[in-house]
Amino acid sequence: MLDLFSEPVPEPRGEPARGRSAAAPARRAGADPGVTYTPSLLNSIVRELLESACPPVWVSGEVTGWKRHSSGHCYFSLRDAGAQVRCVMWRADAQRLPTDPAEGMEVRVLGAVTLYEKRGEFQLVVRELEGSGRGGLWRLAFEKLHARLTAEGLLAPERKRPLPAFPRAVGVITSASGAALHDILHVIERRAPWTRVVFCPARVQGEGAAAEVARAIALFGRVPRAAGVDVLIVGRGGGSKEDLWAFNDELLARAIAASPVPVISAVGHETDVTIADLIADHRAPTPSAAAEAAVPDVRALERRLADGRERLERAVRRRAGRARDDATRAGAALEDTLQELVRARRERLARAAAQLEALSPLSALRRGYAVPLSPAGRVLRRAQEFAPGAPFRLRVLDGTLGCRVEGEAGGEAAPAGDPLERTGDG
Amino acid sequence: MAEEVRTLERRLQRLDAIVAELERENLELEQALALFEEGIGHLRASEQVIRAAELRIDQLLEGPGGEPLLTPLATPEAAAP
């Protein structure tokens, strides 16, 4: 191996660093005064050296001075108690981060060392960055968005709309190739085949998935209400935390909140809740469960109809039976009333007849009274109407007798009064 | 079908109301019979709706102007992977 500085060209890659360090003392002593480097050349050579000598490494430390440039590249330093190292994360890698790490956050990065030639700065080109601790960056991103949406009231329970009992059509947003669509169709066909399904395909993982799903939700919002899409299922089957990350996207969350019809989130996962779950009107653990929540069950409906029929028939039978009883009872009552009426009439008639009888003059004659009449036929009531020797007639029960007055009339013997009343006790 | 489903919900609600009304004791016979007939009508129509039809699937795509385009997809089997 030749002296490094004897030729202004980089070392071939892959040569072990150890070899050179053995030769170092000789080099230091023997720098060629005839060869002069520029900073550019020097830095270029050192960069080549560094990059070829150090394979990618994992480095853990505390993030400080994180800055996301408008270009999308991110710059920061990693430090521990004794040292720090400059880091850069290019846009292509940085945009996979769920959020920016907080100042002072403990992270672990995978990176390759290099030299930033322009400044002669040693730095780490970071390809991956993981937050250490519970949930790491994902948790941090989730919590940040959660706090923001909560502050806006978008996660409030009173915002949740009830699902329609009988949707005319169910909107489904998921991948055209996943099992989720198949599961949803299967459940709806089994439970409520009269319900129409309107399917809008969208990628549910990877770059741009959240935006695509959000766009589909907005598209459903522009479908005329007459098309009958009364509820929306947005989801996918299970996957890794990163696969599900689209459902923690702010854009998607806001699209759900803005949907004119209730949204059911169906992100297949066991433990973690996504922002989509929290902001949706209803959360289902799987796409199948979402479909079950969306449509009624034909069997339950059939039971309900059968029950309705039974109750209808029973009620009307009972009502008709009561009507028959009522009629029977009414007939009997009518008869009673009539009989009562006839009896009352008869009694009244008998009473009237008796009264009439009592008032009749014939009854007085029958009891032995007689009525004196003047020759002209006038009833003679008082003694003074009888002149001595005058003729008069006497009406008795069965005829009239011719009579003549004998002797004087005596006032005391014939007191004034109705003969009919007076003679009762005589 | 969409309208039939909407009326299905109304029919079921009406049916519940009719049953409750009929189960009240103080109903005129004529009124009871009229309610019964109406109830049976709703029952038959509802049964017809829920017994009907294969699942219908439409696909929703975005038109060039951002407008929603609905096109029918054949059967669940054709749409599923």
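In chain A, A:Arg79 stands opposite A:Gln84 of strand 3. Their strands, strand 2 (residues 74–79) and strand 3 (residues 84–89) of chain A, run antiparallel and are joined by six bridges. Two strands count as paired if DSSP finds at least two bridges between them, and the elements themselves are DSSP runs numbered from the N terminus, helices being H or I of at least four residues and strands E of at least two.

A word on the ground rules: this is a predicted model, in which local features need pLDDT of at least 70 and side-chain atom pairs count only at pLDDT 80 or more, while totals for chains, interfaces and linings use all residues. Residues are numbered from 1 along each chain as its sequence is written, chains are lettered from A and ligands numbered from 1 in the order in which they are written, and side-chain values use heavy atoms, with hydrogens and water left out.

**The open sheet**

Further along chain A, three strands form an open antiparallel sheet in the order 11-12-13. Strand 11 (371–373) and strand 13 (399–404) of chain A each have a single partner strand, so one side of each is left without a neighbour in the sheet. Neighbouring strands here are turned by 30 degrees against each other on average, direction ignored. A hairpin connects strand 12 of chain A to strand 13 of chain A through two residues.

| Strand pair | Sense | Bridges |
|---|---|---|
| A strand 2 and A strand 3 | antiparallel | six |
| A strand 11 and A strand 12 | antiparallel | three |
| A strand 12 and A strand 13 | antiparallel | six |

Between the chains, A:Val197 is partnered by B:Ile57.

**Where the chains meet**

Which residues of chain B lose the most area to chain A? First, the overall picture: 50 residues of chain B are in contact with 43 residues of chain A. The buried area, meaning the accessible area (1.4 Å probe) that the two parts lose on being put together, summed over both, is about 4200 Å², with carbon and sulfur atoms giving 66%. B:Ile50, B:Leu55 and B:Leu60 lose the most in chain B, together 16% of what that side buries.

Six salt bridges are counted between the chains, each a side-chain nitrogen of Lys or Arg within 4 Å of a carboxyl oxygen of Asp or Glu. A:Arg215 forms one with B:Glu62, their closest N and O atoms being 3.0 Å apart. Helix 1 (2–22) and helix 2 (29–51) of chain B are among the elements that each supply at least two residues to the side touching chain A. Helix 1 of chain B gives the largest share, 13 residues.

Key. Axes are lines fitted to C-alpha atoms, for helices over the stretch in contact, and angles run from 0 to 180 degrees between N-to-C directions. Contact means heavy atoms within 4.5 Å.
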